[in-house]
Amino acid sequence: MEQLIEWINRQALSTKLKWTYLVTSGGVMLLSTLFLIGIQLYFFTAALVRQTQSQATMAGENLTAAMAFADAEAAGDILSALRVAPDVQSAVAYDAKGKAFVSFVRDPQSPPAAHDPHVRETEVDVRGVSVTRRIQVGSRLLGTVVVRSSVTSVYRQLALYLALALPMTLALLSLSYYALSRLQRYFTAPIRALSAVSEQISRQGDYSLRAEVSQAADIGLLARTFNGMLDRIQKRELELEAEINERKRIEVKLDRLAHYDPVTQLNNRHFFNERLESVLARARKFDERTILMFIDLDNFKTVNDTLGHDIGDELLRLVSRRLSETLRFGDVLSRIGGDEFGIILENVSQVGVASLIAEKCLLKLADPIHIHGHDIHIGASIGISVYPDDATDMHALLKYADTAMYYAKNGGKNAWRMFTPSMRDDAHKRFKLDNNLRRALERDEFVLHYQPQVDLKTGDIVGVEALIRWIHPQLGMVSPNDFIPVAEDTGLIVPIGEWVLREACRDLKRWHAEGHLLRVAVNLSGRQLKENNLVAAVLATLREADVDPCWLELELTESMLMDASTDIVDRLHALTDAGIQLAIDDFGTGYSSMSYLKTFPVRALKVDRSFVRGLPQDPEDAAITRAIIAMARSLRMEIVAEGIETQEQHDFLRAHGCDKSQGYLYGRPCPAAQIGQLLARSGAGACAVDSVV
Ligand SMILES: Nc1nc2c(ncn2[C@@H]2O[C@@H]3COP(=O)(O)O[C@H]4[C@@H](O)[C@H](n5cnc6c(=O)[nH]c(N)nc65)O[C@@H]4COP(=O)(O)O[C@H]3[C@H]2O)c(=O)[nH]1
């Protein structure tokens with residue numbers, strides 16, 4: 001039963017309805033047929049009873065004479081006459097004592113109708129009808145006659161009726177089944193269409209499909225509601241799709257931003273570090289060698305500032321293309337900083353490969369790069385560290401490659417350097433310096449020394465150069481050559497430079513107050529020049545110390561001017577407009593082109609001591625020094641020579657028209673107090689140095 005209910009539940013609604021109709025109508029038909037059969041049975045039996053009664057009555061009347069005369073033969077004939085009635089099975093005449101007198105039996109096998117004075121005159125059972133009639137003359141009873149008819153004919157007629165009714169019922173049921181199927185298909189077509197659409201939607205996920213709206217009120221409403229629901233789902237789906245697409249786009253963009261450099265389309269530092277980590281993990285596992293290279297472009301800043309950022313960007317693109325052309329498939333090239341590139345060479349058999357690749361890179365970058373009519377010469381400084389030879393730790397490898405690159409740059413640029421253990425000590429020292437430098441200012445560990453500058457014509461001290469010294473509590477006196485580059489890298493040079501200027505102005509004010517009118521030269525670092533408030537800060541310091549700007553000379557290097565942006569040029573003009581003098585330090589070592597000198601409001605050139613060293617014997621040094629002095633004259637600039645150690649050098653420079661000199665010959669850098677004593681010895685005004693002139 002449960003299985004049947006389950007089966008019914010599984011059927012479609014249309015099938016259930018169809019079978020409900022069929023079972024109901026089939027049941028009704030069956031019941032009405034049974035009812036008709038019952039009625040038929042009743043009427044047929046009643047007719048048989050009536051017929052048997054009349055036959056018994058007639059037989060009783062006809063038997064009266066034969067029974068009165070005990071004429072068995074005549075009585076037998078009368079009963080045999082009942083043969084013509086097909087339903088009569090037997091007829092028996094009994095005498096008054098109830099003894100059978102004569103009988104008629106159609107079928108000798110079946111028993112004749114028995115006489116029972118106690119039963120009713122008419123007796124009906126399932127096999128037949130028995131009717132008993134009295135035979136009497138007047139009030140004298142002669143006997144009884146019992147006629148029995150069979151109900152076979154009744155059953156036969158009913159069977160005939162059934163034989164006709166049953167096929168008819170089946171035919172009607174089949175017909176109604178067929179008609180119901182057709183009707184049901186017709187009526188349920190909109191529902192099926194609706195479910196087909198919903199099934200298609202769920203299969204294909206296509207929410208643009210719509211159900212056909214039927215005219216039937218209820219299903220039409222259902223279809224309209226269904227379509228309305230689809231409208232909303234489709235709208236939501238489209239919104240969701242747009243939202244997902246937007247999200248994906250942002251994710252891709254963020255991923256690109258996180259891992260790619262938009263200018264060169266190379267991977268960025270973030271990716272580079274991630275990749276290096278995984279490459280090193282692999283190298284560790286398979287005992288492989290990995291090479292790490294840092295490439296820093298030389299002079300990129302100059303190009304960027306002088307030719308503009310568009311050309312700078314294009315230059316980076318072309319450089320990255322050239323670098324990738326030197327590498328093989330699988331090597332990693334990333335832009336890890338403004339003008340810095342990083343290379344990872346995986347699974348390298350020999351360390352020598354690193355130098356080969358570095359050479360190839362330098363060679364590739366040696367050819368000028370043509371951009372918008374400009375021929376740009378760009379070199380590079382390359383630092384190399386090797387896993388596991390130099391270090392096994394990723395951070396150490398990165399630091400060592402950077403240190404080696406720093407060495408390549410400091411060694412004259414356009415070169416490569418492999419990391420060496422001595423560099424490690426240096427890097428360590430730099431690191432220590434960096435940490436200590438931060439505290440040096442607070443702990444007042446800096447002192448200022450001054451080196452006299454002498455007028456070559458008069459021999460008077462006309463100025464001093466302020467040179468910083470760091471008295472480290474453990475390391476002792478640390479050379480500015482060691483800590484100034486670190487201070488520049490870390491940005492600490494800005495507060496340190498401010499301190500130097502403050503100190504120098506204070507000392508100068510004292511000397512001026514003592515009547516020694518001299519000028520102080522202060523070194524300015526490139527980092528300070530980039531500070532927006534440089535001019536304001538310098539003028540404020542001068543104001544604070546009550547020193548006229550004309551007594552201050554700021555020393556710049558050629559490289560600082562070569563890299564100068566328009567902002568910096570404006571700043572330099574603002575300084576000179578305020579009355580401050582500008583001098584170029586270490587002149588002659590940086591750039592071959594002198595044309596930039598016209599752009600900047602420079603008043604003095606300081607000939608680098610490397611040219612002075614060979615004077616007067618070295619013809620080349622002599623020629624260069626003469627040329628520099630001549631050029632300065634034609635540009636109406638003052639010329640100052642550095643590093644004068646001998647009388648011959650002094651004489652040569654004086655003879656060739658050099659204005660001022662500075663060097664150990666006149667005095668080593670010394671504390672302000674000593675300079676004060678030197679000035680005091682020479683009396684008021686500019687003082688002459690005794691040892692020379
Ligand atoms: N062999 C030799 N050397 C001589 C002679 N005369 C002077 N010198 C040295 O040459 C350097 C001159 O300074 P510089 O070229 O500006 O070069 C300076 C300058 O670039 C930088 N520096 C020093 N003080 C400061 C400062 O306050 N600020 C900035 N930004 N840089 C500074 O450190 C550099 C080195 O300074 P110092 O070690 O004091 O070295 C000084 C000085 O001691 C000589 O006759 N022979």
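**Entry 1: the largest cavity.** I looked up the lining of the largest cavity in this predicted model and found 14 residues, of which Glu498, Leu501, Gln528, Leu534 and Val538 lie nearest its centre. A cavity here is a set of points, on a 1 Å grid over the protein atoms alone, where a 1.4 Å probe fits but cannot get out, and lining residues have an atom within 4 Å of a point. By class, I noted eight nonpolar, four polar and two charged residues in the lining. Both α13 (493-513) and α15 (534-545) supply at least two lining residues each; helices are DSSP runs (H or I) of at least four residues, numbered from the N terminus. The space in this cavity is about 130 Å³, a volume being that filled by probe spheres set on the points. My search of the whole structure found one cavity of 30 Å³ or more.

**Entry 2: aspartate 261.** I located aspartate 261 in the loop between α5 (217-259) and β6 (267-268), strands being DSSP runs (E) of at least two residues. Aspartate 261 counts as buried because its relative accessibility is 8%, where buried means under 20% relative accessible area with a 1.4 Å probe and protein chains only. Its side chain and that of threonine 264 are joined by a polar contact of 2.4 Å; such a contact is a pair of N or O atoms within 3.5 Å, one able to donate a hydrogen and the other to accept it.

**Entry 3: conventions.** Residues are numbered from 1 along each chain as its sequence is written, and side-chain values use heavy atoms, without hydrogens and water. Local features need pLDDT of at least 70 and side-chain atom pairs count only at pLDDT 80 or more, whereas totals for chains, interfaces and linings use all residues.

Technical notes
On a 1 Å grid over the protein atoms alone, a cavity is a set of points where a 1.4 Å probe fits but cannot get out, and a pocket is an open set with protein on both sides within 12 Å along at least five of seven lines; lining residues have an atom within 4 Å of a point. Ala, Val, Leu, Ile, Met, Phe, Trp, Tyr, Cys and Pro count as nonpolar, Asp, Glu, Lys and Arg as charged, and the others, Gly among them, as polar. Buried means under 20% relative accessible area, exposed over 50%, partly exposed in between (1.4 Å probe, protein chains only).
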